[in-house]
Amino acid sequence: MATQDWQALSGLTGGAPFEIERIRLTGQDVAIEGRFEVPPLATLPADDQVFVAAFVRCHGSIKQMEQFFGVSYPTIKNRLNRIGALLPFAEIDPPTEADRPSTSGLIARLERGEMSVNDVLRQLGRAPDGARASQASEERERKR
């Protein structure tokens, strides 16, 4: 069986989400079946994948990207911003332990009625899905 090009797979899916269900180890007679999530970069359109690879090869130099693609600085920045918006956020500088509130401090604020249970869970990074979904609306209400 001939190897299929990743770009061909991207074209076949037409941008629709998909999962990988079978993987064959190259050069071995081993196949693994299951449900495998596709890495975020692989969900980008093929031309954006090439753009990201070029950016990495240029060590993040926008000047080199301008020369390579023959476009202006704003064009490169706009495309990076667009691609970045398609990818999940990676926390580059996670808060240090000193920046994080203590569990006992959060519980004390909860007991005093200064925070809701969902607020405490969010601070601890354990908010239930429903709480995460309503976080933005809660914050808007507090600002009013």
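Helices here are DSSP runs of H or I with at least four residues, numbered from the N terminus. The model is predicted: local features need pLDDT of at least 70 and side-chain atom pairs count only at pLDDT 80 or more, while totals for chains, interfaces and linings use all residues. Residues are numbered from 1 along each chain as its sequence is written, and side-chain values use heavy atoms, without hydrogens and water.

**View A. Helix α1 and the second largest pocket.** With three residues, helix α1 (residues 6–13) gives the most to the lining of this pocket. A pocket is an open set of points on a 1 Å grid over the protein atoms alone, where a 1.4 Å probe fits, with protein on both sides within 12 Å along at least five of seven lines; lining residues have an atom within 4 Å of a point. The second largest pocket holds about 230 Å³, the space filled by probe spheres set on the points. Of its 14 lining residues, Gly15, Ala16, Phe18, Ala42 and Thr43 lie nearest the centre.

**View B. Helix α2 against helix α4.** The axes (lines fitted to C-alpha atoms over the stretch in contact, with angles from 0 to 180 degrees between N-to-C directions) of α2 (residues 46–57) and α4 (residues 73–86) come within 11 Å and cross at roughly 115 degrees. The two are therefore roughly perpendicular, a term for angles of 65 to 115 degrees.

**View C. Helix α3 against helix α4.** Here the axes of α3 (residues 62–69) and α4 come within 9 Å, crossing at roughly 105 degrees. In contact (heavy atoms within 4.5 Å), Ile62, Met65, Glu66 and Phe69 of α3 meet Tyr73, Ile76, Lys77 and Leu80 of α4.

How values were computed: Parallel < 35°, antiparallel > 145°, perpendicular 65-115°, else oblique.
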